[in-house]
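Trainee: I am new to this structure and would like to learn how to read it. Can we take one feature at a time?
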Protein chains: 2
Amino acid sequence: MKNTPETLPNEQAQAARFQQARDARNAATAQDYVELISDLIATEGEARSVDVAKRLGVSHATVVKTVNRLQKEGLIITKPYRGLFLTDMGENLATESRHRHQVVANLLMALGVDEETAQTDAEGIEHHIGAKTLAAFELILKKLSEGEAS
Amino acid sequence: MKNTPETLPNEQAQAARFQQARDARNAATAQDYVELISDLIATEGEARSVDVAKRLGVSHATVVKTVNRLQKEGLIITKPYRGLFLTDMGENLATESRHRHQVVANLLMALGVDEETAQTDAEGIEHHIGAKTLAAFELILKKLSEGEAS
DNA sequence: TGTAAATTATAGCCAAGGCTGTAAAATAAA
DNA sequence: TTTATTTTACAGCCTTGGCTATAATTTACA
């Protein structure tokens, strides 16, 4: 079970990788919120913070605080007692995030992972998929769907 | 570009997914530290906090603080001016994390992603790969390496 | 209409993980 | 041996993202 490398990557390169992972972690919250709000509006007609809290599995106080921040950042609009809405920027981010999520989940399932596991792991993975990796995933899925007479 | 779902997942199920993603995020730091310390010891003979800081791309003060926490958690041992060491628990976590990292990076490359991108994205993705998904990835890689006369 | 329930907001707390700046200790070099 | 450099440690600050408890507001119902 010895799997240590013989050499390490270049110092700056490695630091850049970790930095990118940290950036992705920090961006994840905003993506989760706008994606969920967009989904709630699409399926339920409205997105109330109570429902966001329930679906994220956090307290409503946490949601209120985070929503306030995302509102300042220009992603969300709140109409008190009338639910949460997305700005154009928020809607664009939601669409993009949802797409990444779907691609990741579909790829995992194509690789033999069951749906529930795929959905769960995709929830974390999606935030760390760069443009190149996303393109590679899409290409694989396209190939598989074309040659689906396997 | 409308990709909204018609229905939402079950509320509890969705909350559990987000919770798991948050748990993975929280565990990521410890994994990054022990993995890097283990790699440094293997390749350089020692792991000093200065080098950990440089390779993570954070300040040394941040490393000191985090190392103190991980020491309390029983993963790391510090011998001042003699570098950082891993407990058995830390070594086990490092081995496991490194393995996951390698599997993820190899799979990305097998799917057509270039090495640098694979390494970067793997740095974030690895923390969100559950046992089932890891097994699926390993199976794919095994199949590919067996039928490598493609 | 008036009251109960639901929803939203606020206050205050905590831990993690960043940072800068300063101090101390050990090592290396003059 | 003294001095300079490197390494480590510490103090104090910030933001994010959690929490509970309490308050305020709105909606819904009796």
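Mentor: A residue is near a strand if one of its heavy atoms lies within 4 Å of it. By that rule 18 residues lie around DNA strand D, and Thr29(A), Lys65(A), Arg69(A), Arg82(A) and Arg48(B) come nearest. Of the atoms of DNA strand D that come within 4 Å of the protein, 65% belong to sugar and phosphate.

Trainee: What should I know about the model and its numbering?

Mentor: This is a predicted model, in which local features need pLDDT of at least 70 and side-chain atom pairs count only at pLDDT 80 or more, while totals for chains, interfaces and linings use all residues. Residues are numbered from 1 along each chain as its sequence is written, chains are lettered from A and ligands numbered from 1 in the order in which they are written, and side-chain values use heavy atoms, with hydrogens and water left out.

Trainee: Which atoms of Ser59(A), Thr62(A) and Lys65(A) lie by DNA strand D?

Mentor: Here we look for polar contacts: pairs of N or O atoms within 3.5 Å; within protein, one must be able to donate a hydrogen and the other to accept it, and residues adjacent in sequence count only if both atoms are side-chain atoms. Ser59(A) uses a polar backbone atom, 2.8 Å from a phosphate oxygen of DNA strand D. For Lys65(A), a polar side-chain atom is 2.4 Å from a base oxygen.

Trainee: Which helix gives the most to the surface near DNA strand D?

Mentor: Helices are DSSP runs (H or I, at least four residues), numbered from the N terminus. α3(A) gives the most, with four residues. The elements that each supply at least two residues are α3 (60–72) of chain A and, from chain B, α1, α2 and α3 (60–72). By class, this surface has six nonpolar, six polar and six charged residues. In that division Ala, Val, Leu, Ile, Met, Phe, Trp, Tyr, Cys and Pro count as nonpolar, Asp, Glu, Lys and Arg as charged, and the others, Gly among them, as polar.

Trainee: How many residues surround DNA strand C, and which are closest?

Mentor: There are 21, the closest being Arg48(A), Thr29(B), Lys65(B), Arg69(B) and Arg82(B). Sugar and phosphate make up 66% of the atoms of DNA strand C that come within 4 Å of the protein. Lys65(B) has a polar side-chain atom 2.5 Å from a base oxygen of DNA strand C. The side chain of Arg82(B) has an N or O atom 2.6 Å from a phosphate oxygen, and a backbone N or O atom of Val50(A) is 3.3 Å from a phosphate oxygen. The largest share of this surface, four residues, comes from α3(B).

Trainee: How are chain B and chain A related?

Mentor: Copies are superposed by least squares on the C-alpha atoms of residues with pLDDT of at least 70 in both. A rotation of 180° with 0.0 Å of shift along its axis puts chain B on chain A (RMSD 0.0 Å). The two copies are thus related as by a two-fold rotation axis. In chain B, Ile125(B) has the C-alpha nearest the axis, 2.6 Å from it.

Trainee: What area do chain B and chain A bury between them?

Mentor: The size of an interface is often given as the accessible area lost when the parts come together. Buried area is the accessible area (1.4 Å probe) that two parts lose on being put together, summed over both. Chain B and chain A bury about 5,200 Å², 59% of it on carbon and sulfur atoms. On the chain B side, Arg17(B), Phe18(B) and Arg55(B) lose the most area to chain A, together 14% of what that side buries.

Trainee: How many residues does each chain bring to the contact?

Mentor: Contact means heavy atoms within 4.5 Å. Chain B brings 58 residues and chain A brings 58 residues. Of the interface residues of chain B, 100% are also interface residues in chain A, so the copies meet through the same surface.

Trainee: How many salt bridges cross that interface?

Mentor: A salt bridge is a side-chain nitrogen of Lys or Arg within 4 Å of a carboxyl oxygen of Asp or Glu. Four cross the interface of chain B and chain A. One of them joins Lys132(A) to Asp114(B), with the closest N and O atoms 3.9 Å apart.
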